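Q: I have a model open and would like to learn how to read it. Can we go through it feature by feature?

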Amino acid sequence: MNTNAIEAQGLVKIFGDNRAVDGVDLTVRTGTVYGVLGPNGAGKTTTIRMLATLLRPDGGEARIFGHDIAREGAAVRSLIGVTGQYASVDETLSATENLVVFGRLLGLSARAARAKSAELLEEFSLTDAARRPLRNYSGGMRRRLDLAASLIARPPLIFLDEPTTGLDPRTRNQMWDTIRRLVADGSTVLLTTQYLDEADQLADRIAVIDRGTVVAEGTADELKATVGAQSLQVGLADADDLGTALSLVQQVFGAAGAVAPEGLRVTVPVPHAEAVADLLVRFRDAGVPIDSVSLDKPTLDEVFLNLTGHAASDDAPAAGSPENTRNDTEKVTA
Amino acid sequence: MSTATLAPAPHTATIQPARVGLAATVSQSFTMAYRGLLKVRHTPEQLIDVTFQPIIFTLMFTYLFGGAVSGSVGAYLPLIIPGILAQTVITASVVTGVQLREDMDKGVFDRFRSLPIARIAPLAGALLADTVRYLVATTITFLTGLVMGWRPGGGFGGVVLAGLLVIVCAWALSWIFAYIGVIARSATFVQGVSFMVLFPLTFLSNAFVEVDTLPGWMQAFVEVNPVSHLVSAVRSLANEGLVTADVGWTLLSAAVVVVIFAPIAVRSYLRKA
């Protein structure tokens, strides 16, 4: 198929004087998982809401399987399933009732809606809890039901907004398996995440977004190459040595080290493991005392430091809990 | 899992016409109404205003004003029951706006908006489901009256018609509150504004007192107040089985409210949705 699932050019959304999304381009090939990686407040949710026709873009355009989101909203909605960051299911209803209502809305007969609901609850291991009202559900159960609700109509494109945020590791792995199965069956998935690990596990391609713009795009390997497979953290004993340390890092690794806010820790991507030994020897020769050394897998923070020059958490609005962030967006959109 | 569960249909097959047809719109609205009723079943406390309020108000007003207005409680019943009925059911229609606002603030509304359904269905469904609330309020008010000794001369038919008239009016008025619900920022605001509209409308009418006891300037307002026409129409229907001109005036007022408020409520709702 030569149609792309998503083609977006220059999407813009402005809330008051905040350019929440500021010229986002995305191209998602049919049958792939596309990861949108970024911290809270980067514009991930706003981008999804525009693509899902829940928010009208203030600029730019996007097509879903060739259908314009602004002009052909109804056609777009028949091709997508949306699973929000905040469970978009009815709290007061039971799981079965939720799925039956959504199924009926999508044109299934009462009997077909019931059958579909039973089938999906079985698939998502929710059968035991099917009759309980959702307010008694755990976060993981709610997310699973939410995803199940998005799959009733078997939409070819599924938006997953932070599908695993707040889930425990076991539930997260279950969710990952489900997403992999969706794609194996031919669906296209666009997921947002704050975790590099998750994007790495699931996505064929990743866009890193920050302050409303795409700062990098590529496969997980390409992105990781920008920060190195691993990164070295050197804790200095004396802040006065910072200048010397940075120039040594530059000489040995051929890359600029990023300095942590307190001015004592230098982080740098590691091109190959032997270079670490070389650097430590150079430090000793230069008489730069070291407090600590650690090798870390690259994290979102490092990708961010590397791509944007600031930490991922810098601009998170008051480390907002999901509820807070949602309320904030609601206020601006209202 | 079965592969069939998750395999997406070829996407060309799922494309629906850009506009949802009338039959589908009606069916989706009924599904949304069904959802509203399911919510009531899970949280029956939502019905407290249409169950206990009619009982308490009927008892309270009848014993409080019965002697003063009509000389005795028994003589006051034919006057007060239609009045209480109109007041209770109209008050119940405010909840439409409040609940709509609460609903729209929840995540589930995002899903409704992202489904390929008629965008009007959630609004239409909410208004439809609320007619059940009006039915409950109407039935309980009539039953309370009967228990207290009210014997409507209009018979069963007259009482049923009177009840239907009140329900139609409440439904018409609920478009006003739905509009306020759609444009308001919070449910509390909806509640506040709606009661500001409601109190003058229901109390400055002939619902509780004889109009000729009022000062002249107030009589002028009471005479034109649609709620007065509604109460008079209900009184003639239930007490005498007569269809008076007030029925016509009431239905006309209800139609005017719907003609004005339904389009603006729908338009504001679609703009938000």
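**Reading the model: strands, helices, cores**

A: We can begin with one pair of strands: strand E12 (residues 258-259) of chain A and E13(A) run antiparallel and are joined by two bridges. Ala258(A) has Thr267(A) of E13(A) opposite it. Keep in mind throughout that this is a predicted model.

Q: Which residue takes a positive phi in the hairpin of E12(A) and E13(A)?

A: Gly263(A) does, with a phi near 80°. The hairpin has five residues between the strands.

Q: Which strand do six bridges join to strand E13 (residues 265-270) of chain A?

A: That strand is E11 (residues 230-236) of chain A, and the two run antiparallel. Pairs can be read off one at a time: Gln230(A) has Val270(A) as its bridge partner in E13(A), and Ser231(A) has Pro269(A).

Q: How many of the residues of helix H3 (residues 95-105) of chain A are buried?

A: Eleven of the eleven are buried, so H3(A) is largely enclosed by the rest of the structure. Among them are Glu97(A), Asn98(A) and Arg104(A), as well as Leu99(A), Val100(A) and Phe102(A). The cover over the buried residues of H3(A) includes helix H4 (110-123) and H5 of chain A, together with helix H3 (22-42) of chain B. After H3(A) comes Gly107(A), with a positive phi near 95°.

Q: What about helix H6 (residues 107-114) of chain B: why is it described as largely enclosed?

A: Six of its eight residues are buried, so H6(B) is largely enclosed by the rest of the structure. The buried residues are Val108(B), Asp110(B), Arg111(B), Phe112(B), Arg113(B) and Ser114(B). They pack against parts of both chains: helix H2 (73-77), strand E6 (80-83) and helix H5 (139-150) of chain A, and helix H7 (121-147) of chain B.

Q: How are two packed helices described?

A: By the angle between their axes and the distance between the axes. Take helix H9 (residues 242-253) and helix H10 (residues 274-285) of chain A: their axes come within 10 Å and cross at roughly 145°. This crossing is right-handed. On the H9(A) side the contact is made by Leu248(A), Val249(A), Val252(A) and Phe253(A), and on the H10(A) side by Ala275(A), Asp278(A), Leu279(A), Arg282(A) and Phe283(A).

Q: At roughly what angle do the axes of H8(B) and helix H9 (residues 187-203) of chain B cross?

A: They cross at roughly 145° and come within 9 Å. H8(B) and H9(B) make a right-handed crossing. Here Phe177(B), Ile180(B) and Gly181(B) of H8(B) meet Val190(B), Val193(B) and Ser194(B) of H9(B).

Q: How many residues does the largest nonpolar core have?

A: It has 91 residues, and those with the most contacts inside it include Ala148(A), Ala86(B), Val166(B) and Ala178(B). Helix H8 (residues 155-183) of chain B gives the largest share of this core, 17 residues. Apart from this core lies another, of 49 residues, including Ala42(A), Phe65(A), Val82(A) and Ile158(A).

Q: Which residues is Ala178(B) in contact with, leaving aside its neighbours within four places in sequence?

A: The contacts of Ala178(B) are Thr96(B), Gly97(B), Leu100(B), Leu123(B), Leu127(B) and Ala265(B).

Q: Which domains does the domain assignment of chain A give?

A: Domain 1 covers 4-224 and domain 2 covers 230-296. Taken over C-alpha atoms, their centres are 41 Å apart. For chain A as a whole, the secondary structure comes to twelve helices and 14 strands, and 47% of its 334 residues are buried.

Technical notes
Residues are numbered from 1 along each chain as its sequence is written. Chains are lettered from A and ligands numbered from 1 in the order in which they are written. This is a predicted model: local features need pLDDT of at least 70, side-chain atom pairs count only at pLDDT 80 or more; totals for chains, interfaces and linings use all residues. Domain bounds come from an automatic or database domain assignment. A residue is buried if 20 or more other C-beta atoms lie within 10 Å of its own, exposed if 12 or fewer, and partly exposed in between; C-beta atoms are placed from the backbone. Helices (H or I, at least four residues) and strands (E, at least two) are DSSP runs, numbered from the N terminus. Two residues are in contact if their C-beta atoms, placed from the backbone, lie within 7 Å. Two strands pair if DSSP finds at least two bridges between them. A nonpolar core is a set of buried Ala, Val, Leu, Ile, Met, Phe, Trp, Tyr and Cys residues joined through C-beta atoms within 7 Å. Axes are lines fitted to C-alpha atoms, for helices over the stretch in contact, and angles run from 0 to 180 degrees between N-to-C directions. A crossing is left-handed if the near helix is turned anticlockwise from the far one by less than a right angle, and right-handed if clockwise.
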